[in-house]
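These entries record what I looked up in one structure, element by element. I kept to what can be computed from the atoms.

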Amino acid sequence: MHLSASAAAWIAIGAAVVAIAGLAVSVAQYLTLRRLRRAQLTVLGGGGADLVDFAVSLQARIDELHRAVDEVTGSLQRVDRRVGETVSKTAIVRYDAYEGSGGHQSSSFALLDSARSGIVVSAIQGRDYARIYVKEIEHGRSSVALSPEELEAVERAMSS
C-alpha cells in the first residue's frame, strides 16, 4: 500500500504534534520535579539529605528530648524530696512568762518541715536572766511535755 503525498504530510504533521506534546509534557515534568526538589531543600535546610534521612535525624532529636525530659523529671523529684525536708512551717507566739513583767518579752517559735517535724524554741525572759529551751518535734508530737505557748506555736505552724 502506497500513501499519497498529502496523507504522508498529515502523518508527519501528526507525528510532529505528538513529539511537541511529548516534549511539552517532559518540560512540565522537569519543572515540577525542580520545584519539588527546591521545596525539599527548603524543608531540609539546604543539606544533601533526602526526606527519609531528615525524618531519621528528627526522630533522633525527639528521642534525645525525651531523655532530657526524663532527666529533668528525675531532678525535680529529688528537689521535691529535699524541699519536703526543709523548714516550711513556722510560727511565733509572744507572751509574758511571769506576771507583772509586761511587754511580751518571752517567746516560743516552731520550725517544722512538711512532715510536721522540727523543733520548738522557747526564750523565757526574767528580770535578771534569760533561758532558752529547745524541744524536738516528730510528726507533730514531742517526747517532752510542751508548755501551752509551745503547743500554740506548734499548732499555728502546722496550720500554716
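**Entry 1: Glu150**

I began with Glu150, which counts as buried because its relative accessibility is 3%. I located Glu150 in helix H3. I note for all entries that the model is a predicted one.

I then asked which residue the side chain of Glu150 joins in a polar contact. The partner is the side chain of Lys135, and the contact is 2.9 Å. The side chain of Glu150 also reaches the backbone nitrogen of Ser147, at 2.8 Å. Setting aside neighbours within four places in sequence, I listed the contacts of Glu150 as Ser108, Val120, Ser122, Lys135 and Ala145.

**Entry 2: Salt bridges**

How many salt bridges does a search of the whole structure find? The search returned two.

I checked the cover on each partner. Lys135 counts as buried because its relative accessibility is 16%, and Glu150 counts as buried at 3%; the cut-off for buried is under 20%.

I next recorded the salt bridge between Arg156 and Glu152, whose closest N and O atoms are 2.5 Å apart. Both Arg156 and Glu152 lie in helix H3, four residues apart, about one turn of the helix. Arg156 counts as partly exposed at 40% relative accessibility, and Glu152 counts as partly exposed at 31%.

**Entry 3: The largest nonpolar core**

I turned to the nonpolar residues. In soluble globular proteins, nonpolar side chains tend to be buried together. The largest nonpolar core here has twelve residues: Ala91, Val93, Tyr95, Ala110, Leu112, Val120, Ile124, Ile137, Leu146, Ala153, Val154 and Ala157. Which elements each supply at least two residues of this core? I found strand E1 (89-95), strand E2 (106-112), strand E3 (118-125) and helix H3 (148-159).

Val154, apart from neighbours within four places in sequence, is in contact with Ala110, Leu112, Val120, Ile137 and Leu146.

Ala153 lies in helix H3 and counts as buried, because its relative accessibility is 0%. Not counting residues up to four places away in sequence, Ala153 touches Ala91, Val93, Ser108, Phe109 and Ala110.

Leu112 is placed in strand E2. Is Leu112 buried or exposed? Leu112 is buried, with a relative accessible area of 0%. I listed its contacts with the same exclusion of residues up to four places away in sequence: Thr86, Val87, Ser88, Lys89, Ser117, Gly118, Ile119, Ile137, Val154, Ala157 and Met158. For Ser88 I also noted a C-alpha to C-alpha distance to Leu112 of 6.2 Å, at a sequence separation of 24 residues.

**Entry 4: A nonpolar patch on the surface**

I then looked for nonpolar residues on the surface. Leu23, Val27, Tyr30 and Leu31 form a patch there, and together they have about 400 Å² of accessible area. I took Leu31 as the example. Leu31 is in helix H1 (residues 5-44) and counts as partly exposed, because its relative accessibility is 43%.

**Entry 5: Positive phi angles**

Most residues other than glycine have a negative phi. I recorded two residues with a positive value.

Arg116 has a phi near 65 degrees and is a residue other than glycine. I placed Arg116 in the loop between E2 and E3. Arg116 is partly exposed, with a relative accessible area of 38%.

His139, likewise a residue other than glycine, has a phi near 55 degrees. Where does His139 lie? I found His139 in the loop between E4 and strand E5 (141-142). His139 is exposed, because its relative accessible area is 52% and the cut-off for exposed is over 50%.

How values were computed: Residues are numbered from 1 along each chain as its sequence is written. This is a predicted model: local features need pLDDT of at least 70, side-chain atom pairs count only at pLDDT 80 or more; totals for chains, interfaces and linings use all residues. Side-chain values use heavy atoms; hydrogens and water are left out. Patches are made of residues with over 30% relative accessible area and no salt bridge: like charges are joined within 9 Å, nonpolar side chains (Val, Leu, Ile, Met, Phe, Trp, Tyr) within 5 Å. Accessible areas come from the Shrake-Rupley method with a 1.4 Å probe; for residues, only the protein chains shown count as cover. A salt bridge is a side-chain nitrogen of Lys or Arg within 4 Å of a carboxyl oxygen of Asp or Glu. Buried means under 20% relative accessible area, exposed over 50%, partly exposed in between (1.4 Å probe, protein chains only). A nonpolar core is a set of buried Ala, Val, Leu, Ile, Met, Phe, Trp, Tyr and Cys residues joined through side-chain atoms within 4.5 Å. Contact means heavy atoms within 4.5 Å. A polar contact is a pair of N or O atoms within 3.5 Å; within protein, one must be able to donate a hydrogen and the other to accept it, and residues adjacent in sequence count only if both atoms are side-chain atoms.
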